[in-house]
Amino acid sequence: AGLTAERFVANPLGVSGERMYRTGDLGRWRADGVLEYVGRADDQVKIRGFRVEPGEVAAVLLAHEAVAQAAVVAREDRPGDKRLVGYVVPVNGRDVDAAELRHFLVKRLPRHMVPSAVVVLEALPITPNGKLDQRALPAPAATAVEPGGRAPRSVQEELLCGIFAELLGLPSVGIDDDFFALGGHSLLAARLISRIRSTFGAELGIRDLFDASTVVGVAEKLKEGRPARPALVAGERPEVLPLSFAQQRLWFLDQLEGASATYNSPFAFRLHGSVDVEALRAAIGDVVGRHEALRTVYPAVDGQPRQLVLPAQDVQVPFTVVEYGSDTLDEAVRGAAFTPFDLSTDLPVRVVLFRLGEGESVLVVTLHHIASDGWSMEPLWEGVASAYRARLAGVAPEWSPLPVQYADYTLWQQGLLGGVLDQQLSYWSGVLRDAPQEVALPLDRPRSGVASRAGGLVEFGLDAGLHAELEGLARRHGVTLFMVLHAGLAALLSRLGAGTDIPIGTVVAGRSDEALDELVGFFVNTLVLRTDVSGAPTFGELLDRVRDTDLAAFTHQDLPFERLVEELNPVRSASVHPLFQVMLVLQNNNEGSLQLPGITLESETFDTAPARFDLNFAFTEAWAADGTPGGIQVELQYAADLFDHGTVEVLGRRLGSLLTAMVADPEQLVGSVEVLVGGERELVVSGWGGGGGPVPAGTVSGLFGEQVVRAPGAVAVVDGDRRLSYGELDVLSDRMAARLVESGLERGGLVGVCLGRGADLVVALLGVLKAGGGYTLLDPEFPRERSALVVAEAGVGLVVSSSVLRGSVEGLAECVVWVDEEWEPAAGGVVPSVV
């Protein structure tokens, strides 16, 4: 039926009911009036996981003024290497350059639809039946750049090709190859922009790279000639070194919370093999001497903190060796990892080596976040490994001097922001104006006044198949994997009651200059991604919104989060993180690993590290040996004050289920996707729903009235010491119905009910039904912004609540009915009977 409807379509030029036959042949009108056949429009092929209609590609080729005929086919001249090849016949008297035609296609088609080669022919081979003879089409000649891209034509393009290839880990890149299609992501994009800045002295924005992500596209953007920001170089230092903006916030939180391990960054390794303790001690000292951030303390003078860099020769790194049994090892390791630092006097790094026996030990390295970030781990571990090898040989490590130190970055950052601060502050102030102060999450417990920071960890994985499908979805929609995960998480939170305006936090590397690549320090910046899920979007539409949101955020990533919080001045709370409470991170930077000669190391995790956010989703990609997606590991850290472990486990399963549905049909509505998992649907329908038994005919209020007649004195509601019989409940709910009608409720109107669990809630709900209305429940624990959003979107004009909730309810709707206030019907008023 579907194929018939597709092939036999209404004739717009004929009489009513007349049909036309659509053959699927692709043709074009020539200038002389001849209709010329050029191929089939429905010969769909699959190329690298994408379904492509070659006829669509041929139609774009035919749009070129110098092309008279065109055909596109899928060839597999080498086993396993299927690719699109275009064939064209030029207009009489015109010369056609194959590379120019391919560039023409790159500008008009998604990357996966661009043929890897275009071949120019004098004529297309035709079978005796007048069809294209695909077997007679010649194979394209081999090109110098795979897969079919053009080689660089200028020194600038050659340099760009080299930078692309180096960052992507590829042997070569053509000028038409797409950075993101070849594996690029947002962190690599930041490094690419930094390399372009230092190489060409020109500025390129993250949106520029998304809009023109090929070498030739970047070269065109560079012609716009925007001057690069000043390069980071070492310079003179003032007597008092200020903290960076990011460090200022951590220092302030440290002062506010007192002795706390919230921002400890511990790493534990189980070592199998003989450790040379003195060589390892010396190696740690070498690395601390190399990176000033690891030998900086933060004393305060007149209440103002400063960086005090200690001379390398005067520093003794805390390195403790403990002979230990295995009975209480976990507790001892946790103690070493989460002992607080005194930032004013302690080095922000310490080491404990637990020796368990012959050839067995556990190494715990703890850093404070004020001196390190995720990117720092690669230069840190590589430095320790190379220094350890040197010390084993009896010599000091030989390193090239670092071009800059963290203090140089701090001074450069302050000078840099003088030029961009106002513009970026204006952007963020506009974007986050009236944003929710607190996102509604499915908490197991209400917040206390002060968060304990106790945390828990749930780990789960997305398999290789789903990983590949998520990557494919990202490519088809012109987004990154991070953006797909962002859209999926926002959709899930919205479905779980967070509303349609959802701020989610993320971090960027903050290493916007090439000189910072090998430096240990705290450079990351936090961004707020305000996600719009309103208007019943499809997943595809949500991806488009997320792409715009994320690109704009990354373009304005220089403004320190601390400065933004200071400007917006949200309501401060010791239990609520400002501006967002859910963090999303895709760990696609290379964190490196510690490798010591003669020793096998196994990393150990901490499942109860302090929680900095309500929920922190950290995704890490894995890759198979052949470079194909190998799955995504997810570490979901949660605030134990708010969530039970089981709740967060189910949350992870819901996310995996939603992402699976998302890749299966990106055009389905976000609001239509099933978020129940396992046997939850059966539990809701059959278990909580009473086992699926027969439902008597009638309305709820009508059935209730029948029960009142049968047993008016029977107990209907028990609320602590308070009991209501069916007769009493009938009278109270009648009075509530009358109050609602007198307050303006019309049949079919919607009432917001904001009450805790208890007898008053039952009275209110039954009263709404008796008055002919419907209700939506407003949880008294909801933030006021969340309740206001529900009231506005549902069109609620009347709210029922209790006077003890007056402060959070007043003003939500035009009228509020208080269940605990005395009321008498107006003169002539009628208490309605059961409706």
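# Chat about a predicted model

Analyst: In this predicted model, the buried residues of helix α7 are V215, V216, G217, V218, A219 and L222.

User: How much of α7 is buried, then?

Analyst: 6 of its 8 residues, counting along 215-222. So α7 is largely enclosed by the rest of the structure.

User: What covers those buried residues?

Analyst: Other helices are part of the cover. They include α3 (98-106), α4 (155-168), α5 (186-200) and α6 (206-211).

User: Switching to sheets. What is the strand order in the sheet that has β17?

Analyst: The order is β15-β16-β17-β10-β22. That makes 5 strands in an open sheet, with mixed pairing.

User: Which strands stand at the edges?

Analyst: β15 (319-323) and β22 (600-604). Each has a single partner strand, so one side of each is left without a neighbour in the sheet.

User: How are neighbouring strands turned against each other?

Analyst: By 20° on average, with direction ignored.

User: How many bridges join β17 to β10?

Analyst: 9 bridges, and the pairing is antiparallel. β10 covers residues 264-272. Two pairs to look for: R270 has V362 of β17 as its bridge partner, and P266 stands opposite T366 in β17.

User: And how many join β16 to β17?

Analyst: 8 bridges. β16 (residues 349-357) runs antiparallel to β17. In this pairing, V349 is bridged to L367 of β17.

User: What sits between β16 and β17 in the chain?

Analyst: A turn of 2 residues, which makes the two strands a hairpin. G359 is in that turn, and its phi is positive, about 70°.

User: Which helices pack on this sheet?

Analyst: Two to look at are α9 and α10. Helix α9 (residues 277-290) touches β15, β16 and β17. The direction of α9 makes about 155° with that of β15. Helix α10 (residues 329-337) touches β10, β16 and β17. The direction of α10 makes about 165° with that of β16.

User: New topic: S494. Where is it?

Analyst: S494 is in helix α14, which runs over residues 481-498.

User: Buried or exposed?

Analyst: Buried. The relative accessibility of S494 is 18%, and the cut-off for buried is under 20%.

User: What does S494 touch?

Analyst: G499, T500, I502 and V533. That leaves out residues up to four places away in sequence.

User: Now the sheet with β27. What is its strand order?

Analyst: The order is β28-β27-β29-β30. These 4 strands form an open sheet with parallel pairing. The edge strands are β28 (774-777) and β30 (815-818), and each of them pairs on one side only. Neighbouring strands are turned by 30° on average, direction ignored.

User: How many bridges join β27 to β29?

Analyst: 4 bridges, between residues 750-754 of β27 and residues 798-801 of β29. The two strands run parallel.

User: How do α20 and α21 cross?

Analyst: At roughly 60°, with their axes coming within 7 Å. α20 is residues 726-742 and α21 is residues 759-770. The two helices are therefore oblique to each other. The crossing is right-handed.

User: Which residues make the contact?

Analyst: From α20: L729, D730, L732, S733, D734, M736, A737 and L740. From α21: V762, V763, A764, L766, G767, V768 and K770. By class, that is 10 nonpolar, 2 polar and 3 charged residues.

User: Last one: V791. Where is it found?

Analyst: In helix α22, residues 784-794.

User: Why does V791 count as buried?

Analyst: Because its relative accessibility is 5%, and buried means under 20%.

Technical notes: Residues are numbered from 1 along each chain as its sequence is written. This is a predicted model: local features need pLDDT of at least 70, side-chain atom pairs count only at pLDDT 80 or more; totals for chains, interfaces and linings use all residues. Side-chain values use heavy atoms; hydrogens and water are left out. Two strands pair if DSSP finds at least two bridges between them. Axes are lines fitted to C-alpha atoms, for helices over the stretch in contact, and angles run from 0 to 180 degrees between N-to-C directions. Angles under 35 degrees count as roughly parallel, over 145 as roughly antiparallel, 65 to 115 as roughly perpendicular and the rest as oblique. A crossing is left-handed if the near helix is turned anticlockwise from the far one by less than a right angle, and right-handed if clockwise. Contact means heavy atoms within 4.5 Å. Ala, Val, Leu, Ile, Met, Phe, Trp, Tyr, Cys and Pro count as nonpolar, Asp, Glu, Lys and Arg as charged, and the others, Gly among them, as polar. Buried means under 20% relative accessible area, exposed over 50%, partly exposed in between (1.4 Å probe, protein chains only).
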